[in-house]
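Visitor: I'd like to learn how to read side-chain contacts in a protein model. Could you walk me through one?

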Amino acid sequence: MLATAATAATALLLGAVTPATADPGSAPHRVAGPEDRLPDLQIEPLSDLRVQILEGRRVLRFTAVIANRGDGALELTASRTSTSTQEMPVVQRIYQRDGGYESVPTDAVVSYAVADKHSHWHLQHAAQYSLRVPGEEHPRVAHKEGFCLIDDVRLPGASAAEPAESAEYLGCEEGLTESRSVTQGISVGWGDPYSFDVWGQWIDLTGLPLPGRYCVEATADPRGLLAETDTGNNTTTTLVDLTSDDVKVVDTGC
C-alpha cells in the first residue's frame, strides 16, 4: 500500500533492513520522502504445491509470484566497468511524482546464473523460501534463490496506483555473459511468476520428519536491500501437511 504521512514520519529508509533480516553489509542510504513513488514487493499465495523426487532428493515444489502492488515501478540497473568482475552492484531508480527520478545505490548485486541452469543475470537474495514447524522461530529447511525480475503477468485486484498498461521489463540479458550492464524490474500491477517446475523452485525435505505439519514461507527481498513502501507484507505463508509423497494445504496462513 502507498505510504502515508505517518509512515514517512517513522523514517522508512531506502535500503533499510529490519533486525530480523539485517545483513552485516547493508546500510540505509536516505530517508524516503513524500515525493517518492515506491514499489511494494509482495509474494502472491503459493500454488501448485507437490512432493517430488528430484536427483535422488525428496523436495517440496511450488509456484511463487513476486508482485509489485506499490505506487511506482521497481527498476534496477546494474553495471560493471570490466567483465572480469563477476558481480554488478545495483542502483535502484526511484520515480518521483513530478515525473523525474533519482538513482539510489543499494547493497544488492546481480550475477550471471550458470550453476542454476537459468543462463541470465539474477538479482541475488531477491527471495527466500523456508519451511518450519509452526510456532518455532527458526526454519528447519531453507532455500535461497536469485531471480531475473520481469513483467510476466498482470496481477488481479487493485494496486496503490494504476497498473502499467504494458510490460516494461522483459529480460535479463539472456545468454549474454559479457554484458556490462543489465536492467530488470517489475512494473506496478505486474508480477514475475516462478513455476514449480523451474530449476531451483523447491525446498529440500532431506532429513525432515514425515508425516508432519509445517509452515511454508516465501519472502520477497528478505534482506531489505530494496526501497519499497512496506516491508511488513513481503512474506506469504502456507500451512501444509506433508507425507513422503504428498502435500495437503491446511490453511493459507500460519
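Guide: We'll go through salt bridges, then aromatic pairs, then charges over rings. This is a predicted model, where local features need pLDDT of at least 70, side-chain atom pairs count only at pLDDT 80 or more, and totals for chains, interfaces and linings use all residues. Residues are numbered from 1 along each chain as its sequence is written, and side-chain values use heavy atoms, with hydrogens and water left out.

Visitor: What is a salt bridge, and how many salt bridges does the structure hold?

Guide: A salt bridge is a side-chain nitrogen of Lys or Arg within 4 Å of a carboxyl oxygen of Asp or Glu. The structure holds 8 of them. Take glutamate 44 and arginine 69, whose closest N and O atoms are 3.0 Å apart. Glutamate 44 is in the loop between strand S4 (41-43) and strand S5 (47-54), and arginine 69 is in the loop between strand S6 (57-68) and strand S7 (74-79), so this pair ties together parts 25 residues apart in sequence. Strands here are DSSP runs (E, at least two residues), numbered from the N terminus.

Visitor: Are glutamate 44 and arginine 69 buried or exposed?

Guide: Buried means under 20% relative accessible area, exposed over 50%, and partly exposed in between (1.4 Å probe, protein chains only). Glutamate 44 has 15% relative accessibility, so it counts as buried. Arginine 69 has 13%, so it counts as buried too.

Visitor: Which parts does the salt bridge of arginine 57 and aspartate 204 tie together?

Guide: Their side chains meet at 3.7 Å, N to O. Arginine 57 lies in strand S6 and aspartate 204 in strand S15 (residues 202-204), so the pair ties together parts that are 147 residues apart in sequence. Both ends are partly exposed: arginine 57 at 26% and aspartate 204 at 22%.

Guide: Here's another one: arginine 213 and aspartate 241, with their closest N and O atoms 2.7 Å apart. Arginine 213 is in strand S16 (residues 212-220) and aspartate 241 in strand S17 (residues 235-242), so the parts they tie together are 28 residues apart in sequence. Arginine 213 is partly exposed at 44%, and so is aspartate 241 at 25%. Salt bridges can also share partners, and that is how Glu55, Arg57 and Asp204 join into one network.

Visitor: How do I read a pair of aromatic rings?

Guide: You look at the distance of the centres and the angle of the planes. Rings of Phe, Tyr and Trp (its six-membered ring) pair if their centres lie within 6.5 Å; planes under 30 degrees apart count as stacked, over 60 as edge-to-face and the rest as tilted. There are 6 aromatic pairs here. Tyrosine 95 and tyrosine 101 have ring centres 5.9 Å apart and planes at 55 degrees, so their pair is tilted. Tyrosine 95 is partly exposed at 22%, and tyrosine 101 is partly exposed at 43%.

Guide: Next, phenylalanine 147 and tyrosine 194 form an edge-to-face pair, 4.4 Å centre to centre with 85 degrees between the planes. This pair links strand S11 (residues 141-147), which holds phenylalanine 147, to strand S14 (residues 190-194), which holds tyrosine 194, 47 residues apart. Phenylalanine 147 is buried at 1%, and tyrosine 194 is buried at 9%.

Visitor: Where does the charged end of arginine 93 sit?

Guide: A charge sits over a ring if NZ of Lys or CZ of Arg is within 6 Å of the ring centre and within 35 degrees of the ring normal. The charged end of arginine 93 sits over the ring of tyrosine 101, 3.8 Å from its centre. Arginine 50 lies over the face of phenylalanine 196, at 3.7 Å from the ring centre.

Conventions
Helices (H or I, at least four residues) and strands (E, at least two) are DSSP runs, numbered from the N terminus.
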